[in-house]
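Me: I am about to look at a protein model and would like to go through it slowly, one question at a time. Could we begin with what lies inside it?

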Amino acid sequence: MLKMEHIAKVFRTDTVATHALRDFSLHVKAGEFVSVTGPSGAGKTTFLNIAGLLEPFDGGSYQLDGISVHGLSDSQRSKLRNEKIGFIFQGFNLIPDLNIFDNVDVPLRYRGFGRAERKHRIEDALAKVGLSARAKHLPSQLSGGQQQRAAIARALAGEPAFLLADEPTGNLDTMMARQVMELLEQINTQGTTIVMVTHDPELARRAQRNIQIVDGEVADLTLRQAV
Ligand code: ADP
Ligand code: ADP
């Protein structure tokens, strides 16, 4: 599913070059649930941004679902991202003046699905996260846990093979964090590959595999390979 070999990523300003990732290698198999931990500034977000085709890299190779990312044009890369990848963020990133139904609709409109197909996908995704009754609510009318579930519905509506989550429970209390984790586990059981960055050791342990990023590298070499 995800195959990164010797990825390097350097951020340059006028005076400094920051090696955010150096010789970063990781394989994730289809169907895995991998948690990613590590100290602040270690390169976790940079890894997710590269994995999600949001950010170019400076060296090494990355294959997503057998497709080599390196040679793709911008439009091919966007297409691959929209078809294969769903994103979940710590801050939910819902549009405040759109109701939940319309929020879930945003990426579907972007991809050009017809009206009936969109309605079907939105209702399906909201049912999966238990928010069917909240479709007409604005994000501000929902609790934090419900907002994150709405964001998960938005990611799921595109039927991604691969879900990338950046601190998805970071803004939630313990109970709501557990509920969101249970939802992610359920989604994983239904076949979606998940990579989740988290600071929460309990949630990190619950994933099938935990990798630690330290100084832009996977800390334990034996963990780079899918098991
Ligand atoms: P983490 O998510 O583990 O906290 P990041 O991936 O955000 O780490 O950052 C890794 C390193 O790259 C840090 O030293 C950070 O300051 C640097 N970095 C991240 N993004 C940029 C950027 N856009 N410009 C310059 N440096 C950056
Ligand atoms: P939780 O108990 O999950 O933290 P709240 O106590 O914030 O959630 O809200 C309880 C219920 O009331 C939730 O199902 C939420 O959707 C609903 N709710 C909260 N605020 C509003 C609102 N302003 N308008 C409509 N429904 C609301």
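**Cores, sheet and ligand**

Reply: In this predicted model, the largest nonpolar core has 34 residues, and those with the most contacts inside it are L126, I152, L184, I187 and M196. The elements that give two or more residues to this core are α3 (100-110), α4 (115-128), α5 (144-157), β7 (162-166), α6 (174-189) and β8 (193-197).

Me: Which element gives the largest share of this core?

Reply: Several helices and strands contribute two or more residues to the core, α4, α5 and α6 among them. The largest share amounts to seven residues, and the element that supplies them is α5.

Me: Is I187 buried or exposed?

Reply: The place of I187 is in helix α6, and, leaving aside neighbours within four places in sequence, I187 is in contact with I152, L156, L163, T192 and I194. A residue counts as buried when its relative accessible area is under 20%. The relative accessible area of I187 is 4%, so I187 is buried.

Me: Which residues does I152 touch, leaving aside its neighbours within four places in sequence?

Reply: I152 is among the residues with the most contacts inside the largest nonpolar core. Once the neighbours within four places in sequence are set aside, the residues in contact with I152 are I88, V129, V180, L183, L184 and I187.

Me: Which strands stand at the edges of the open sheet?

Reply: Six strands form this open sheet, in the order β6-β7-β8-β3-β9-β10, and their pairing is mixed. A strand at an edge has a single partner strand, so one side of it is left without a neighbour in the sheet, and this is the position of β6 (85-89) and β10 (217-218).

Me: In which sense do β3 and β9 pair, parallel or antiparallel?

Reply: In general, the strands of a sheet pair through backbone hydrogen bonds, and this can happen in either sense. Here V36 stands opposite I211 in β9. Strand β3 (residues 33-37) and strand β9 (residues 209-214) are joined over four bridges, and the sense of their pairing is parallel.

Me: Which residue places a polar side-chain atom 2.8 Å from an oxygen atom of ligand 2?

Reply: Ligand 2 is surrounded by R134, H137, Q141, L142, S143, Q146 and M176. Q141 has a backbone N or O atom 3.2 Å from a nitrogen atom of the ligand, while S143 has a polar side-chain atom 3.2 Å from an oxygen atom of the ligand. The residue with a polar side-chain atom at 2.8 Å from an oxygen atom of ligand 2 is Q146.

Technical notes. Residues numbered from 1 in each chain as written. Chains lettered and ligands numbered in written order. Predicted model: local features only at pLDDT ≥ 70, side-chain atom pairs only at ≥ 80, totals over all residues. Heavy atoms only, no water. Core = buried A, V, L, I, M, F, W, Y, C linked by side-chain atoms within 4.5 Å. Buried < 20%, exposed > 50% of the residue type's maximum accessible area, 1.4 Å probe, protein only. Contact = heavy atoms within 4.5 Å. Pairing = 2+ DSSP bridges. Near = heavy atom within 4 Å. Polar contact = N/O pair within 3.5 Å; in protein donor to acceptor, adjacent residues only side chain to side chain.
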